[in-house]
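Grab a pencil and have a look at the structure below. We'll work through a few exercises on it together.

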Amino acid sequence: MSGAVWALIRNDAFLPRELEALYPPSVATLARLLRLFAGRGARVGRPGERLARSLEGMGPVAIKLGQLLSTRGDVFGPQFAEDLSRLKDRLPPFPTAAARAEVERALARPIESLYAEFGEPIAAASLAQAHEAKLRDGRKVAVKVLRPGIERRIADDAESLGLAARLIDRWIPPARRLEPIGFAQTVIRATMLELDLRLEAAGADELREITDRDGYMTVPRIVWEGVGKRVLTMEWARGWPLSDPGALTQPGLDRQAMADNLIRAFLAQALDHGVFHADLHEGNLFAAAPGQLTAVDFGIIGRIGPAERRYLAEILWGFLNKDYEGVARTHFDAGYVPAHHSVAAFAQALRAVGEPVFGRPASEVPMSRVLVQLFEITALYEMRLRPELVLLQKTMMTVEGVARRILPDHDIWAAADPVVRRWIARELSPAARIKRFAEEAATALRNLARLVEHPPTAAQVEVRDRSAEGSRLTWFALGALAAGAAFVAAWYWG
Ligand SMILES: Nc1ncnc2c1ncn2[C@@H]1O[C@H](COP(=O)(O)OP(=O)(O)O)[C@@H](O)[C@H]1O
Ligand SMILES: [Mg+2]
């Protein structure tokens, strides 16, 4: 840990000079003292960039810490978050011989029994590296192998981070708002999850099923024979990595189709399926003419529940149609906004976010920024948003950046339109509403049935209002009636 503190001091990222005005006198003195030890790097870049640089050298847990901190633009400000999110996770590779040994141990079979060729590393990060290989049946594949001994390293880092969090919590009361101990646990857990490549393989497989159905993006097939806790084998992605300058100058490339596909793939995953690739930067995307996109690297998968999907779709729909009153009413009807607030005032706040979007060319207004503004409003109206929506917003920011680099004046709103329209037509049609009501009624009925099967004990009943007995039966009858009617209606229209 002393090494970590030293790295922060060298880059003036421990008590950065930019925050000097906020320090109490004693801390300011300490900061000035520590700055005597700062290296040349301390003078280069903004605080977020300097912190990123310090963390890059500290190993996988520190890198994950930086990645998670970069999602908290709400706390540290957007510039800091943006600078931190450029943190690089690249290290020198370990030898191919060691990788082969890891593969043989993990799969418990000789390497030649599965691979005809096993090549040099093509990319190396803090947790794993990827190799190019060929299967015996001739298919070209990518093989991802965990770094030897990485678990030990992570256990050590996790211990240091836990200790640091407890110290911060104990000695720096203002930092408690960030819940350092809970945050450290989140960081450690997120790192641990990436240590089992079987999970990553399953994530890839799930997204491949989804993208096959949607058609906006492809995901290479997993070779399950070549999957273990420490090894992942998947078919080679078609095309060029988008991070490669040659990717966009391929003959026959349709930039408009490619950028549209990217936006639609992401939105369809999130809205239609509630699961999305949450690491869609250029290094993880392959482009093939005319408009085919292939995604790799499934270490981070985002998931959002039905309520959030509905919230998102309705909000986007309202914005595409400038129907602020409609969006506001849905929020109140669904109980997202507590009833004591004013619908009209909420609609006004939505208009404040939405109108500037339509005053300017849509290509100049990032959807991710609109989402951030919406989150700010929803906080004012006591709507609690789940952290998954924050991950979604951050991924949307990445995706928009990539789309804009594929096609500089790409209109993300126009690209999103068909996916949002389709969702609304399907989910908010009268038939869908009835179906949903029927499902809710069925759940209520199941709960009631459970109550009847396992009646509360005498002691439990004792403390309840006596009159509840009679009304429960009435509710049961009404519920049954409503559910029956809904089923008939759903069957008839659906
Ligand atoms: N299926 C694949 N086909 C071709 N190249 C791949 C494939 N999977 C990974 N790679 C290459 O290896 C690199 C590292 O793999 P990735 O899964 O992104 O690991 P990391 O989590 O370290 O970023 C990718 O950026 C890509 O260039
Ligand atoms: Mg990657």
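This is a predicted model: local features need pLDDT of at least 70, side-chain atom pairs count only at pLDDT 80 or more; totals for chains, interfaces and linings use all residues.

**Exercise 1.** Work out which residues come nearest to ligand 1, and which polar atoms of the protein lie by its nitrogen and oxygen atoms.

*Solution.* 
- Step 1: start with the shell. It holds 17 residues, and Lys144, Glu235, Ala237, Asn284 and Asp297 come nearest.
- Step 2: Strand E1 (115–124), strand E3 (140–146) and strand E4 (231–235) each supply at least two of its residues.
- Step 3: go for the polar atoms. A nitrogen atom of ligand 1 sits 2.9 Å from a backbone N or O atom of Glu235. For Gly283, a polar backbone atom is 3.0 Å from an oxygen atom of the ligand. With Asp297 it's the side chain: one of its polar atoms is 2.9 Å from an oxygen atom of ligand 1.
- Step 4: check the cover. On its own, ligand 1 exposes 540 Å², and the protein buries 86% of that.

**Exercise 2.** Find which residues coordinate the magnesium ion (ligand 2), and say where they lie in the chain.

*Solution.* 
- Step 1: list the donors. They are OD1 of Asn284 and OD of Asp297, at 2.2 to 2.3 Å from the ion.
- Step 2: locate them. Asn284 belongs to the loop between strand E6 (275–277) and strand E7 (285–288), while Asp297 is in the loop between strand E8 (292–295) and strand E9 (301–303), so the pair ties together parts 13 residues apart in sequence.
- Step 3: compare accessibility with the 20% cut-off for buried. Asn284, at 6%, is buried. Asp297 has a relative accessible area of 21%, so call this residue partly exposed.

**Exercise 3.** Is Asn11 buried or exposed, and what does its side chain pair with?

*Solution.* 
- Step 1: find Asn11 in the loop between helix H1 (2–10) and helix H2 (25–34).
- Step 2: read off the area. Its relative accessible area is 13%, so Asn11 is buried.
- Step 3: look for partners. Setting aside neighbours within four places in sequence, Asn11 is in contact with Gly41, Ala42, Arg50, Arg53 and Ser54. With Ser54 there's a side-chain polar contact of 3.2 Å.

**Exercise 4.** Explain why helix H4 (residues 60–69) counts as largely enclosed.

*Solution.* 
- Step 1: pick out the buried residues of H4: Pro60, Val61, Ala62, Ile63, Lys64, Leu65, Gly66 and Leu69.
- Step 2: that's 8 of the 10 residues, so the rest of the structure largely encloses the helix.

How values were computed: Residues are numbered from 1 along each chain as its sequence is written. Chains are lettered from A and ligands numbered from 1 in the order in which they are written. Side-chain values use heavy atoms; hydrogens and water are left out. A residue is near a molecule or strand if one of its heavy atoms lies within 4 Å of it. A polar contact is a pair of N or O atoms within 3.5 Å; within protein, one must be able to donate a hydrogen and the other to accept it, and residues adjacent in sequence count only if both atoms are side-chain atoms. Accessible areas come from the Shrake-Rupley method with a 1.4 Å probe; for residues, only the protein chains shown count as cover. Helices (H or I, at least four residues) and strands (E, at least two) are DSSP runs, numbered from the N terminus. Buried means under 20% relative accessible area, exposed over 50%, partly exposed in between (1.4 Å probe, protein chains only). Contact means heavy atoms within 4.5 Å. Donors are N, O and S atoms within 2.8 Å of the metal (3.2 Å for Na, K and Ca); water is not among the atoms, so sites may look incomplete.
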